[in-house]
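My entries are set down below by topic.

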Amino acid sequence: LWVGTGGGGINYFENGHFSAYQPLQGLSNNVIRAILKDRDGNLWVGTHGGGLNRLSDGKWETLTKAHGLASNIVVSLCEDYEGSLWVGTWGGGLNRLKDGKFTLYTTKEGLINNAVISVFEDSKGNKWFATDGGLSILDEVSGSFKSYTMEQGLSSNLIISIHEDRHGNMWIGTDGGGIYFWQGNGFKNFT
């Protein structure tokens, strides 16, 4: 069990007790915003100011803006079906890490907002992005984003979470605007 903290690094529970990784053990920052274990067993850790950390074979590696990361404030992580890592940042937009290289997506490329709070891949391979300014869905074939805000029926532009249920239905959580059910061409609100 891995637990990210707001100042105590990343903690793991093993053999009945917690141990911590902090900067002295190679972590770049003690404020943890996102954790993901990938299909290869690597642990990815998004920090508030220290960029993206990867724990592999007991060693930490740090990726920052100097390596092409959009921002050193990493708030969301998602591994897609191809094994690419999607990295949502606060204010810098979105990165896709594939084959060791970052690709940047921002409002310039059509993302609705550069504060990407949550990243989700649905069972059809669509990428959904919850942001501080609405919801964006990436069409990877065309490379374009379709975005939804209060103008398209949401009661809040601050999207917090995205989930797909076992029937393939998409659920969108907002801050103060309730939960939305995506109907393929619009939203139904539950408050």
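The entries that follow record what I looked up.

**Basis.** I worked from a predicted model, in which local features need pLDDT of at least 70, side-chain atom pairs count only at pLDDT 80 or more, and totals for chains, interfaces and linings use all residues. Residues are numbered from 1 along each chain as its sequence is written, and side-chain values use heavy atoms, with hydrogens and water left out.

**Largest pocket.** I took a pocket as an open set of points on a 1 Å grid over the protein atoms alone, where a 1.4 Å probe fits, with protein on both sides within 12 Å along at least five of seven lines; lining residues have an atom within 4 Å of a point. Its volume is the space filled by probe spheres set on the points, which are joined across faces, edges and corners. For the largest pocket I noted about 260 Å³. Its lining has 15 residues, and D38, W44, R54, G83 and L97 lie nearest the centre. I sorted this lining into seven charged, four polar and four nonpolar residues, where Asp, Glu, Lys and Arg count as charged, Ala, Val, Leu, Ile, Met, Phe, Trp, Tyr, Cys and Pro as nonpolar, and the others, Gly among them, as polar.

**Second largest pocket.** Here I noted about 150 Å³ of space. Of the 13 lining residues, N126, K127, L138, D139 and E140 lie nearest the centre. β14 (134-139) and β15 (144-148) each supply at least two lining residues, and β15 gives the most, with four. Strands here are DSSP runs of E, at least two residues long, numbered from the N terminus.

**Strand β10.** I next asked how many residues of β10 (residues 94-98) are buried. Four of the five are buried, that is, under 20% relative accessible area with a 1.4 Å probe and protein chains only. I counted strands as paired if DSSP finds at least two bridges between them. β10 pairs in the antiparallel sense with β9 (residues 85-89) over four bridges, and L85 stands opposite L97. Four residues lie between β9 and β10 in their hairpin, where G91 takes a positive phi near 95°. β10 also pairs in the antiparallel sense with β11 (residues 101-105), over five bridges, and R96 stands opposite T103. Two residues separate β10 and β11 in their hairpin, and D99 in the turn has a positive phi of about 55°.

**N11.** I located N11 in strand β2 (residues 10-14). N11 is buried, because its relative accessible area is 15%. Leaving aside residues up to four places away in sequence, I found N11 touching L1, W2, V3, T5, F18, S19 and A20, with contact meaning heavy atoms within 4.5 Å.

How values were computed:
Buried means under 20% relative accessible area, exposed over 50%, partly exposed in between (1.4 Å probe, protein chains only).
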